[in-house]
Amino acid sequence: MNAPWKSGMPGNRDPFAAYICDDAALDVLRPVVIELGWQPEKCNKGGLRNAIQSLSVSASPSILVVDLSESGDPLNDINALAEVCEPGTVVIAIGQVNDVRLYRDLLSSGIHDYLLKPLSAGPLRDALNQAQAVFASPKNADGEGAKRHISTAIVGTRGGVGASTLATSLSWLFSTEHKAPTALLDLDVHFGTGALALDLEPGRGLTDAIDNPSRIDGLFIERAMIRANDNLSILSAEAPINSPLMTDGAAFVQLEEEFRQAFEMTVVDLPRNMLINFPHVLADVNLVLLATEMTLASARDTIRILSWLKTNAAHAHTMVVANKVQSGVAEISKSDFEASIEHKIDFSIPYDIKAAANAAKMGQVFVDANRSSKATSAIKQIAERVMGASEEELADTNPNGSKKSLLGGFDLKSLLAKKEKSDSVAELAE
């Protein structure tokens, strides 16, 4: 409901509506509403239940005031309101219960503010002005203030090549070492291991999103995602294996759109069958990491997937990551593998079965459980490449002595998911 990235009130929706239980509160509210230039007729008699009933059959206003006085279970009723409220609505609740815990719970559920009865004109006016300020603030500042977002899809050429380990490890590094707000989307709906690797319960967030794509908004993302640390949230599922995936993929696209607004980094653990069935998932992905092994079967499938990406996701930069590399044991040598796929191997991660077992036993992601491992060092280099933060072989030096980020070597026009870019970023991309 409360979506602060919206810039300006939507022109096709009423600016304000209220659903109030008693006449005394209405008498205080109407003069303030008139003062702000809104229609006093939008102040309706009836509380939260009336709001839910009305908004289920009509468009939501930009700012909504609801009275919780007659609600026996305010938090549950607020959840019901969220199901009928359109994305971007700022909600102010009023009630009679002076309880700090309730206040915090309401704010965490997406309510913008909570006012106590009896209402007074001053605090009410301030709350409504602050609600307006949400829409008045620009969605993204031009130039240097433009928000950066990088979406990375991890695709395994075959099962067991370590794509999920790479996805969870990169997500962890982005969120901890690089302090970037990060979303991990595990699209293996039936057998995903993203939550398992983070020692978390997957929850029902992803299955709910697939079943009800229209419900996906900022509030849904906040509630449905499981927090792994201060900067990392995961959306995954453990759907019953007797329940086939029935979706056109619209939910996945909507989720990625919301992630762009709420996070700096998105990591999509994308099984190859999902890649084929829902190619539009890659429509706004900036970088594809293709995880493979140095085997004949992986070489064949790497060739096929690279060809598919060239046709269906030409906008995305592709990197090939060879995992579980054992010197002198590979079916195919590195040079022969690169020659066959007609693409260089960008990174090689050494095989370390003991480190993988250690991570599983500790209930931690690979890079967190094995910080001194050579495999962890390789994954950190990949994270630095994606973030443009490496200061070694991944950075060039300009004539003036300053370092140039590796992102300058990528196509920043596709890497940074922004509608407009500053002149300085455009110069860097060149």
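I take two strands to pair if DSSP finds at least two bridges between them. I take helices (H or I, at least four residues) and strands (E, at least two) as DSSP runs, numbered from the N terminus.

**Entry 1. Basis**

I note that this is a predicted model, in which local features need pLDDT of at least 70 and side-chain atom pairs count only at pLDDT 80 or more, while totals for chains, interfaces and linings use all residues. Residues are numbered from 1 along each chain as its sequence is written, and side-chain values use heavy atoms, with hydrogens and water left out.

**Entry 2. Strand β1**

I looked up the partners of β1. It is joined to strand β2 (residues 43-45) by 3 bridges, and the two run parallel. The bridge partner of I20 in β2 is K45. With strand β3 (residues 63-67), β1 pairs in the parallel sense over 4 bridges. In that pairing, I found A17 bridged to L64 of β3.

I then asked how many residues of strand β1 (residues 16-20) are buried. Buried means under 20% relative accessible area, exposed means over 50%, and partly exposed lies in between (1.4 Å probe, protein chains only). The count is 5 of the 5 residues, so β1 is largely enclosed by the rest of the structure. F16, A18 and I20 point one way from the strand, A17 and Y19 point the other way, and all are buried.

Axes here are lines fitted to C-alpha atoms, for helices over the stretch in contact, and angles run from 0 to 180 degrees between N-to-C directions.

The axes of helix α2 (residues 48-55) and α3 come within 9 Å and cross at roughly 15°. That makes α2 roughly parallel to α3. By the convention used, angles under 35 degrees count as roughly parallel, over 145 as roughly antiparallel, 65 to 115 as roughly perpendicular and the rest as oblique. The crossing of α2 and α3 is left-handed. A crossing is left-handed if the near helix is turned anticlockwise from the far one by less than a right angle, and right-handed if clockwise.

I listed the residues in contact, meaning heavy atoms within 4.5 Å. L48, R49, A51, I52 and L55 of α2 meet P74, D77, I78, A80, L81 and V84 of α3. The residues of this contact divide into 9 nonpolar, no polar and 2 charged. In this grouping, Ala, Val, Leu, Ile, Met, Phe, Trp, Tyr, Cys and Pro count as nonpolar, Asp, Glu, Lys and Arg as charged, and the others, Gly among them, as polar.

Next I took helix α3 (residues 74-84) with helix α4 (residues 100-108): their axes come within 10 Å and cross at roughly 15°. That makes α3 roughly parallel to α4. The crossing of α3 and α4 is right-handed. From α3, P74, L75 and I78 meet L102, D105 and L106 from α4. The contact of α3 with α4 divides into 5 nonpolar residues, no polar and 1 charged.

**Entry 3. The sheet of 8 strands**

I traced an open sheet of 8 strands with mixed pairing, in the order β8-β9-β7-β10-β6-β11-β12-β13. Its edge strands, each pairing on one side only, are β8 (226-229) and β13 (347-350). On average, neighbouring strands of this sheet are turned by 20° against each other, direction ignored.

In β11, T152 has L287 opposite, and A153 has V288 opposite. β6 is also joined by 5 bridges to strand β10 (residues 265-269), again running parallel. A153 has V268 as its bridge partner in β10.

Is β6 enclosed or open? I found 7 of its 7 residues buried, so β6 is largely enclosed by the rest of the structure. Both faces are covered, with I150, T152, I154 and G156 buried on one side and S151, A153 and V155 on the other.

I placed I305 in helix α12 (residues 296-312). I305 counts as buried at 9% relative accessibility. Leaving aside residues up to four places away in sequence, I305 touches G156, T157, L275 and L290. Its C-alpha atom is separated by 8.6 Å from that of R272, 33 residues apart along the chain.

I placed S169 in helix α6 (residues 163-176). S169 counts as buried at 0% relative accessibility.
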